[in-house]
Amino acid sequence: MMSFEEFTEDVLKEIRLKMGDAFQIGKRDVVKNNDVKQTGIEVIKEEANIGPCVYLDEFYRKYESGGMRFGEIVDEVYRLILKHEEDTPDVDLSGFRSWEIVRENIYPKLVNAEQSKELLEKIPHRNFMDLAVVYYAVARDQEQKDIGTILIYNGHMKIWEQDEDDLYRTAMMNMCVDGEADFSDIRTIVERMTGITFTKDDGDASKDTDMYVLTNSRRRFGAAEILDKKTLRMIADQIGDAFIVLLSSVHETIVLPSKDETEYEVLAHMVRSINKTQVEEEERLSDHVYVYSRDEEMLKIVA
């Protein structure tokens with residue numbers, strides 16, 4: 001059986017034969033959040049700015065287990081490349097080299113500092129408790145529609161001649177300009193997702209909930225909303241001067257009214273279990289329990 005390196009090279013060779021000379025085709029190794037490493041085949045049409053990247057890690061696992069034959073994998077990778085090529089919008093990234101242009105699209109994101117050490121060596125960041133604040137730019141098509149994100153690396157900073165303080169101020173300002181955070185109770189979220197409206201006749205479902213979800217309007221990397229002191233004060237106004245925050249993923253957090261300190265370890269165990277079994281590895285943020293205090297105007301780790 002081929003090693004992963006041999007498998008990757010053989011798939012790359014077959015895709016080059018299928019795609020022809022009109023494309024630049026190469027291997028791409030990526031370090032993602034929580035230092036999750038993936039290897040893919042990137043295909044870029046000549047004179048294009050971007051192109052599809054199909055990751056091979058899961059395909060290799062299927063090859064190892066006998067779930068897919070090598071020829072089937074090549075055919076599926078080729079099909080995905082063609083599909084992505086058709087779906088990839090015409091994006092001009094030339095403006096990405098200009099700070100004055102790109103600054104309007106920069107936002108903050110939270111990652112786990114301990115689990116992302118290798119990634120953090122390559123990107124601008126600042127520490128925030130056991131987390132790190134990193135930065136991304138929203139990519140837009142010709143019609144200014146949001147089509148994805150680009151993580152900001154140290155090399156970008158040199159091009160823009162900016163430092164991390166500039167990034168932080170810009171990202172936080174953009175996050176605030178986008179509008180108030182999305183802070184909803186679980187019942188409202190269920191109604192939003194299902195279209196079912198609870199009434200007073202629905203028994204317990206209509207009672208006030210003690211669980212809330214905090215994210216942003218895009219529901220992407222929304223855990224970063226805990227960086228905004230105004231948002232934390234807004235939550236305190238609604239549910240009490242002290243409250244609990246559980247970082248359920250990079251996209252959202254769970255907020256609970258204050259509880260007895262004896263329950264903190266139980267909550268921490270619950271978060272660890274959910275992270276391990278329900279959350280994709282690169283979207284995990286923290287196993288800890290945090291408490292906000294209005295008197296101190298800050299979050300702190302309590303378990």
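**Close-up views of a predicted model**

**Figure 1. Overall view of the predicted model.** The secondary structure consists of ten helices and 13 strands. The protein has 303 residues, and 44% of them are buried. Mean pLDDT for the protein is 87, with 86% of the residues at 70 or more.

**Figure 2. The segment 203–207, where pLDDT stays under 50.** For these residues the model has six contacts beyond four places in sequence. Where pLDDT is low, the predicted coordinates should not be read in detail.

**Figure 3. Asn34, in the loop between β1 and β2.** Strand β1 covers residues 23–31 and strand β2 covers 37–45, with Asn34 in the loop that lies between them. Asn34 has a relative accessibility of 10%, and because the cut-off for a buried residue is under 20%, Asn34 counts as buried. Beyond its neighbours within four places in sequence, Asn34 contacts Asn112, Gln115 and Ser116, and also Glu281, Glu282 and Arg284.

**Figure 4. Helix α2, residues 57–65, and its buried residues.** Four names belong in this view: Asp57, Phe59, Tyr60 and Tyr63 are the buried residues of α2. They lie on the same side of α2, because the arc they cover around the axis is only 155 degrees. An α-helix has 3.6 residues a turn, so residues three or four places apart point the same way. Just after α2 comes Gly66, which takes a positive phi of about 85 degrees.

**Figure 5. The largest cavity, with a volume of about 110 Å³.** Its lining is made up of 13 residues, and those closest to the cavity centre are Met175, Asp178, Asn216, Arg218 and Glu225. By residue class, the lining of the largest cavity has six nonpolar, three polar and four charged residues. The count of cavities of 30 Å³ or more in the model comes to one.

Notes
Residues numbered from 1 in each chain as written. Predicted model: local features only at pLDDT ≥ 70, side-chain atom pairs only at ≥ 80, totals over all residues. Heavy atoms only, no water. 1 Å grid on protein atoms, 1.4 Å probe; cavity = no way out; pocket = protein on both sides within 12 Å on 5 of 7 lines; lining within 4 Å. Points joined across faces, edges and corners; volume = space filled by probe spheres on them. Nonpolar A, V, L, I, M, F, W, Y, C, P; charged D, E, K, R; others polar. Buried < 20%, exposed > 50% of the residue type's maximum accessible area, 1.4 Å probe, protein only. Helix = DSSP H or I, 4+ residues; strand = E, 2+ residues; numbered from the N terminus. Arc of directions from axis to C-beta. pLDDT = per-residue confidence, 0-100. Contact = heavy atoms within 4.5 Å.
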